[in-house]
Amino acid sequence: VITWGEESERLSSAMKEELTGVRQIFASDYAFAALKADGSVITWWCGAFGRELGGDSSAVKEELTGGVEQIFSSGGFFA
């Protein structure tokens, strides 16, 4: 995955290893979720509100390590 725009340089270098094998990327207003080929999910955010609007997945970290087949996104949430 290659990122660009505000804060993208920091993101690309910090998450370069994690953003390999990505099958699909989903977006909310300020956050992103990448579904990887192995069924795991990586999330990140940008801007002042991204953490609260879906970018912080720490509460469901264990559920995102594999077996995910589909992601749905809205303005501020992922499912």
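**The sheet and its cores**

Modeller: The side chains of Ser-40 and Asp-38 are joined by a polar contact of 2.6 Å. Bear in mind that this is a predicted model.

Biologist: Where does Ser-40 lie?

Modeller: Ser-40 touches Ala-34 and Leu-35, and also Leu-64, Thr-65 and Gly-66, leaving aside residues up to four places away in sequence. Its place is the loop between β2 and β3.

Biologist: Is Ser-40 buried or exposed?

Modeller: The cut-off for buried is under 20% relative accessible area. Ser-40 has 9%, so the residue is buried.

Biologist: Which residue in the turn between β2 and β3 has a positive phi?

Modeller: The two strands form a hairpin, with four residues between them. A positive phi of about 85° occurs in the turn, at Gly-39.

Biologist: In what order do the strands of the open sheet run?

Modeller: β1 and β2 pair over five bridges in the antiparallel sense. Strand β2 (residues 31–36) and β3 also pair in the antiparallel sense, over five bridges. The open sheet has three strands, in the order β1-β2-β3.

Biologist: Which are the edge strands?

Modeller: An edge strand here pairs on one side only. Neighbouring strands of the sheet are turned by 20° against each other on average, direction ignored. The edge strands are β1 (22–27) and β3.

Biologist: Which residue of β2 is the bridge partner of Ile-25?

Modeller: The residue that stands opposite Ile-42 in β3 is Ala-34. The bridge partner of Ile-25 in β2 is likewise Ala-34.

Biologist: Why is strand β3 described as largely enclosed by the rest of the structure?

Modeller: Strand β3 covers residues 41–45. It is largely enclosed because, of its five residues, the number buried is four.

Biologist: How is the one aromatic pair of the structure arranged?

Modeller: A search of the whole structure finds one aromatic pair. The rings belong to Phe-32 and Trp-44, with centres 5.4 Å apart and planes at 20°. Phe-32 is in strand β2 and Trp-44 in strand β3, 12 residues apart, and the pair links distant parts of the chain. Planes under 30 degrees apart count as stacked, so the pair of Phe-32 and Trp-44 is stacked.

Biologist: Which class of accessibility does Phe-32 fall into?

Modeller: Trp-44, at 8% relative accessibility, counts as buried. Phe-32 is at 28%, so it counts as partly exposed.

Biologist: Which residues make up the largest nonpolar core?

Modeller: Val-41 touches Ala-33, Ala-34, Leu-35, Leu-64, Val-68 and Ile-71, leaving aside residues up to four places away in sequence. The largest has seven residues: Phe-26, Ala-33, Leu-35, Val-41, Leu-64, Val-68 and Ile-71.

Biologist: What distance separates the C-alpha atoms of Ala-33 and Phe-78?

Modeller: Ala-33 is in strand β2 and counts as buried at 1% relative accessibility. Among the residues Ala-33 touches are Gln-24, Thr-43 and Phe-78. Along the chain Ala-33 and Phe-78 are 45 residues apart, and their C-alpha atoms are separated by 7.9 Å.

Methods. Residues are numbered from 1 along each chain as its sequence is written. This is a predicted model: local features need pLDDT of at least 70, side-chain atom pairs count only at pLDDT 80 or more; totals for chains, interfaces and linings use all residues. Side-chain values use heavy atoms; hydrogens and water are left out. Buried means under 20% relative accessible area, exposed over 50%, partly exposed in between (1.4 Å probe, protein chains only). Two strands pair if DSSP finds at least two bridges between them. Rings of Phe, Tyr and Trp (its six-membered ring) pair if their centres lie within 6.5 Å; planes under 30 degrees apart count as stacked, over 60 as edge-to-face and the rest as tilted. A nonpolar core is a set of buried Ala, Val, Leu, Ile, Met, Phe, Trp, Tyr and Cys residues joined through side-chain atoms within 4.5 Å. Contact means heavy atoms within 4.5 Å. Axes are lines fitted to C-alpha atoms, for helices over the stretch in contact, and angles run from 0 to 180 degrees between N-to-C directions. A polar contact is a pair of N or O atoms within 3.5 Å; within protein, one must be able to donate a hydrogen and the other to accept it, and residues adjacent in sequence count only if both atoms are side-chain atoms.
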